[in-house]
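I opened a notebook for a first walk through this model. Here is what I looked up, entry by entry.

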Amino acid sequence: MTLLSFHGRCGRVRYLLESLGPYVVLIALAIAMIALGNGAGRLLSTPSDFRPAPGFWAAVIAFVLGCGLGVWIEIAAQVRRLHDLGQSGWLAALNLVPGVSPLMWLVLALAPGQPHDNVYGSASGGKS
């Protein structure tokens, strides 16, 4: 599956969809956790009386697994986007430097890819 793969290239539009898509799913899961947990106010104010609705813990587990999957998808998309720019995927490790991640996301979202084939694969057909 290309979404989880670190091989190949990824154009700008696909990168935007793959890097923002998981966050939409995680927001929906967070809303489900709050709703199933009888509301955020009750969750924060009276932890001893907390009686979640059925499905709350399933939503928590789905959220935690979704976070892990979202991180994997984001890193894979960044590696493939770096490949599209003709760079090594190891540059994605720069995200570990505090403050670099938003700047890197912006550069990857805006920089045009190489219009020709490179060592990471063939050029994408439409907008890179």
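**Entry 1: a salt bridge inside a helix.** I began with Arg81, which forms a salt bridge with Asp84, the closest N and O atoms being 2.6 Å apart. I counted a salt bridge where a side-chain nitrogen of Lys or Arg lies within 4 Å of a carboxyl oxygen of Asp or Glu. Arg81 and Asp84 are 3 residues apart in helix α3, so about one helical turn separates them. I then checked the cover of Arg81 and found a relative accessible area of 0%, so Arg81 is buried. For this I used three classes: buried is under 20% relative accessible area, exposed is over 50%, and partly exposed is in between (1.4 Å probe, protein chains only).

**Entry 2: what kind of model this is.** The model is predicted, and I kept to its limits: local features need pLDDT of at least 70, side-chain atom pairs count only at pLDDT 80 or more, and totals for chains, interfaces and linings use all residues. Residues are numbered from 1 along each chain as its sequence is written, and side-chain values use heavy atoms, with hydrogens and water left out.

Entry 3: Asp84 has a relative accessible area of 0% and is buried. Arg9, at 14% relative accessibility, counts as buried. Shared partners join the salt bridges of Arg9, Arg81 and Asp84 into one network.

Entry 4: Arg80 sits in helix α3 and Glu18 in helix α1, 62 residues apart. Is Arg80 buried or exposed? Arg80 is buried, at a relative accessible area of 0%, and Glu18 counts as buried at 7%. My count of salt bridges came to 4.

**Entry 5: how α1 and α3 pack.** I noted that α1 spans residues 12-36 and α3 residues 56-84. Their axes come within 9 Å and cross at roughly 170°. The axes are lines fitted to C-alpha atoms, for helices over the stretch in contact, and angles run from 0 to 180 degrees between N-to-C directions. The two helices are therefore roughly antiparallel, a label for angles over 145 degrees. Their contact holds 16 nonpolar, 4 polar and 6 charged residues. Here Ala, Val, Leu, Ile, Met, Phe, Trp, Tyr, Cys and Pro count as nonpolar, Asp, Glu, Lys and Arg as charged, and the others, Gly among them, as polar.

**Entry 6: the whole chain.** I listed 4 helices and 0 strands, running α-α-α-α from the N terminus. Helices (H or I, at least four residues) and strands (E, at least two) are DSSP runs, numbered from the N terminus. Of the 128 residues, 29% count as buried.

**Entry 7: Gly86.** My last stop was the loop between α3 and α4 (100-110), where Gly86 lies. Gly86 is partly exposed, with a relative accessible area of 30%. How far apart in space are Gly86 and His116? I noted 9.9 Å, C-alpha to C-alpha, for a pair 30 residues apart in sequence.

Methods. Parallel < 35°, antiparallel > 145°, perpendicular 65-115°, else oblique.
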